[in-house]
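Colleague: I would like to learn how to read a model of this kind, one feature at a time. Could we begin with a loop and then work towards the sheets and helices?

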Amino acid sequence: MQKTAIIGAGESGFGAALLAHSLGHEVFVSDEGMIAEDRKKMLVEKSVSFEEMGHRPQHFLDAEVVVKSPGIPFSHPLVKQLMDEGITVIDELEFAFKESRGKIIAITGTNGKTTTALLTYHLLKTAGLDVGLAGNVGQSWAAQLTREDHDWWVLEVSSFQIDGFRDFHPHIAILLNITPDHLDRYEYQLEKYAASKVKLMDKMEKEDHFIFFGEDPNIKKAINGLKGTPQQHGIGLEKKKGNLGYLNEGQLIIEGEEEPWVFETREMSLKGQHNMVNSMAAILAARFAGASKNDLDIGLKNFTNAPHRMEWVADIGEIQFINDSKGTNVDATLYALSAYSQPIIWIAGGIDKGNDYSLLEKVVKDHVKVLIGLGKDNRKLVSAFSGKIPILLETQNINEAIKLALEHGEKGDVALLSPACASFDLFKNYEDRGNQFKEAVKQLKIEN
């Protein structure tokens with residue numbers, strides 16, 4: 001009987017444990033913290049051994065395979081010890097890959113992964129294809145495979161997950177962008193972070209498809225080291241040599257073998273140039289999977305994005321309140337600010353991750369009339385935009401932030417929560433921040 005040990009009992013680790021158990025493996029689960037009570041109960045019911053509040057190496061040394069949480073780096077002392085002992089250490093997606101017969105659409109990039117994964121899944125569903133959704137969005141892929149498999153799987157994958165790949169082979173891969181993020185994991189070298197992204201394509205072959213944003217200089221540099229041999233398809237905001245998808249006068253155009261497929265951007269549910277790139281990538285992936293233009297027309301019009309990503313909440317006094325709490329880095333916030341032509345009241349702040357706010361100066365100058373710093377320490381944020389935004393305000397209360405937005409807003413303005421920072425100073429996570437924002441906006445609408 002194969003022994004499979006799991007490091008981490010979060011969504012991916014717990015899913016891997018369920019899959020290993022369903023395959024008849026001897027399973028051991030270890031977590032540095034407390035395991036959630038509902039998960040612990042299920043492990044007991046399945047007679048799966050586990051430990052909490054720390055990892056004891058002796059439980060792993062006789063395992064044939066160790067599946068680690070993507071949040072645990074390969075530099076972790078236990079992981080290094082196991083690898084030194086010759087034990088295979090992989091990621092949950094690598095583990096699940098070996099147990100699925102489905103074809104994979106894998107989506108990565110610094111920003112836009114979730115939106116693109118959800119849209120791709122939606123387009124394939126609209127086309128009537130048998131498709132599942134997993135990775136960094138939804139339920140663990142491994143856990144889902146204990147119940148059902150699909151002809152196609154749309155997977156959102158992070159660089160952390162890609163680091164754990166060995167044989168993982170997508171049939172379609174998407175690389176949306178590469179900008180500095182998580183560099184503490186990659187020795188503060190952008191080149192190493194970019195190489196991790198490109199590693200996704202290592203096992204791809206000539207019949208596979210690689211879709212990438214061809215106007216990203218970091219991507220163009222990184223794919224020089226591409227090891228796989230997929231067909232390469234560039235997309236961009238302009239018609240250029242090598243771009244299979246591009247924008248032209250309010251139209252999204254996908255070049256075809258006979259004639260282009262044309263989509264009117266005004267009819268699409270997603271807005272903003274960054275979402276046009278996301279949409280091009282999703283359209284191409286769906287087309288390669290067999291979706292028709294008519295299916296894509298329908299899906300692009302009725303798609304609903306994930307919560308907390310440029311999510312309309314309510315209009316109060318003809319001011320739009322938009323929840324972009326998932327915008328936790330400067331690049332994500334740049335996309336959000338760029339999506340609106342109206343004057344913006346920008347609510348931002350939290351735990352700064354070494355942000356370079358100079359990247360936002362042009363779009364801020366063009367659009368932002370008020371900045372409301374929402375965080376325990378707004379000094380860096382306020383200092384960065386002093387003299388560049390007419391009105392600078394601060395608060396540590398989300399209800400007050402919304403009231404300030406209403407007080408300083410006018411008909412036609414957008415009040416945008418896009419923090420560019422982590423949430424952990426005032427909130428549990430970005431979902432908590434977004435949910436509190438939505439509740440406070442809805443309550444203020446009732447009062448007004």
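Modeller: Let us begin with Glu249, which sits in the loop between strand 12 (243-248) and strand 13 (251-254), and please keep in mind throughout that this is a predicted model.

Colleague: What is the phi of Glu249, and how should I read it?

Modeller: As a general idea, most residues other than glycine have a negative phi. The phi of Glu249 is near 50°, a positive value in a residue other than glycine. Glu249 also counts as exposed, because its relative accessibility is 77% and the cut-off for that class is over 50%.

Colleague: Where does Ser47 lie, and is Ser47 buried or exposed?

Modeller: Ser47 belongs to the loop between helix 2 and strand 3, and with a relative accessibility of 65% it counts as exposed. Its phi is near 60°, which is again a positive value in a residue other than glycine.

Colleague: Turning to sheets, in what order do the five strands of the open sheet run?

Modeller: The general idea is that strands of a sheet pair through backbone hydrogen bonds, either parallel or antiparallel. Here five strands form an open sheet in the order 3-2-1-4-5, with parallel pairing. Its edges are strand 3 (49-51) and strand 5 (88-91), each of which pairs on one side only, and neighbouring strands are turned against each other by 20° on average, when direction is ignored.

Colleague: How many residues of strand 8 are buried, and which way do they point?

Modeller: In a regular strand the side chains alternate between the two faces of the sheet. Strand 8 (residues 152-156) is mostly covered, five of its five residues being buried. Trp152, Val154 and Glu156 point one way, whereas Trp153 and Leu155 point the other way.

Colleague: Which strands are joined to strand 8?

Modeller: Strand 6 (residues 103-108) runs parallel to strand 8 and is joined to it by five bridges, with Ile104 standing opposite Trp153. Strand 7 (residues 131-135) also pairs with strand 8 in the parallel sense over five bridges, and there Gly135 has Glu156 as its bridge partner.

Colleague: At what angle do the axes of helix 1 and helix 2 cross?

Modeller: The axes of helix 1 (residues 11-22) and helix 2 (residues 37-45) come within 11 Å and cross at roughly 15°. Helix 1 is therefore roughly parallel to helix 2, since angles under 35 degrees fall in that class. Helix 1 passes helix 2 in a left-handed crossing. Glu11, Phe14, Ala17 and Leu18 in helix 1 meet Arg39, Met42 and Leu43 in helix 2, and by class this contact has five nonpolar, no polar and two charged residues.

Colleague: Lastly, is Arg287 buried or exposed, and which residues is it in contact with?

Modeller: Arg287, which has its place in helix 10 (residues 273-289), is buried, because its relative accessible area of 19% falls under the 20% cut-off. Leaving aside neighbours within four places in sequence, Arg287 is in contact with Leu244, Ile254, Glu255, Gly256 and Trp261. Gly256 is 31 residues from Arg287 along the chain, and their C-alpha atoms are separated by 9.9 Å.

Definitions and conventions
Residues are numbered from 1 along each chain as its sequence is written. This is a predicted model: local features need pLDDT of at least 70, side-chain atom pairs count only at pLDDT 80 or more; totals for chains, interfaces and linings use all residues. Side-chain values use heavy atoms; hydrogens and water are left out. Axes are lines fitted to C-alpha atoms, for helices over the stretch in contact, and angles run from 0 to 180 degrees between N-to-C directions. Helices (H or I, at least four residues) and strands (E, at least two) are DSSP runs, numbered from the N terminus. Angles under 35 degrees count as roughly parallel, over 145 as roughly antiparallel, 65 to 115 as roughly perpendicular and the rest as oblique. A crossing is left-handed if the near helix is turned anticlockwise from the far one by less than a right angle, and right-handed if clockwise. Contact means heavy atoms within 4.5 Å. Ala, Val, Leu, Ile, Met, Phe, Trp, Tyr, Cys and Pro count as nonpolar, Asp, Glu, Lys and Arg as charged, and the others, Gly among them, as polar. Two strands pair if DSSP finds at least two bridges between them. Buried means under 20% relative accessible area, exposed over 50%, partly exposed in between (1.4 Å probe, protein chains only).
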